Amino acid sequence: MEGPMKRICCLVFLVMLGIAGFGGVYGAGECGKSSPDAEAWKLAPCISAAQDVNAQVSDRCCSQVKKIGQNPSCLCAAMLSNTAKSSGVKPEVAVTIPKRCNIADRPVGYKCGAYTLP
């Protein structure tokens, strides 16, 4: 009886270890532990600038774009997210915001889906 019990305990231990190990795998996407939709909410001050290329870009918008833009893949994911689309953001206009903010270290030429950051 001792042999089968040892095997069962070992199997239970391995299953628990496997479950614990897999729990950490799903935490990092384009924006780390945050979702692109959550990051898109942070870009709310940019809504009018992301809809009209001639609209003035606010300082609050530029500040958020600079912060999120430190990770270009996150910035792109936020600009192309469902939240951004449902807010009326035009991706072809949104990708121009880092340049319109005069962010010196912006990721020029970075591919953002079908768009390229100028």
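Reader: Which hand does the link of Cys76 and Cys112 have, left-handed or right-handed?

Author: Start with the general idea. The hand is read from the torsion about the S-S bond. Now the case here, in a predicted model. The torsion for Cys76 and Cys112 is -140°, and the link is left-handed.

Reader: How far apart are the sulfur atoms of Cys76 and Cys112?

Author: A disulfide is a pair of cysteine sulfur atoms within 2.5 Å. For Cys76 and Cys112, the S to S distance is 2.3 Å. Cys76 sits in helix α4, and Cys112 sits in strand β1, residues 111-112. They are 36 residues apart, so this pair links distant parts of the chain.

Reader: How many disulfides does a search of the whole structure find?

Author: It finds four. Take Cys31 and Cys74 next. Their sulfur atoms lie 2.1 Å apart. The torsion about their S-S bond is 105°, and the link is right-handed. Cys31 lies in the loop between α1 and α2, while Cys74 lies in helix α4, residues 72-79, so the pair ties together parts 43 residues apart in sequence. Cys31 and Cys74 are both buried.

Reader: Why is the disulfide of Cys46 and Cys61 right-handed?

Author: Read the torsion again. About the S-S bond of Cys46 and Cys61 it is about 110°, so this disulfide is right-handed. The pair links distant parts of the chain, with Cys46 in the loop between α2 and α3 and Cys61 in helix α3 (59-68). They are 15 residues apart. The S to S distance for Cys46 and Cys61 is 2.0 Å. Cys46 is buried, and Cys61 is as well.

Reader: What is the pairing when the bonded cysteines are numbered in sequence order?

Author: Number them along the chain, then note the partners. The pairing is 1-5, 2-3, 4-7, 6-8.

Reader: What is the relative accessible area of Gly29?

Author: The value is 47%, so Gly29 counts as partly exposed.

Reader: How many residues apart in sequence are Gly29 and Ser73?

Author: Check sequence and space separately. Gly29 and Ser73 are 44 residues apart in sequence. In space they are 9.4 Å apart, C-alpha to C-alpha.

Definitions and conventions
Residues numbered from 1 in each chain as written. Predicted model: local features only at pLDDT ≥ 70, side-chain atom pairs only at ≥ 80, totals over all residues. Heavy atoms only, no water. Buried < 20%, exposed > 50% of the residue type's maximum accessible area, 1.4 Å probe, protein only. Helix = DSSP H or I, 4+ residues; strand = E, 2+ residues; numbered from the N terminus.
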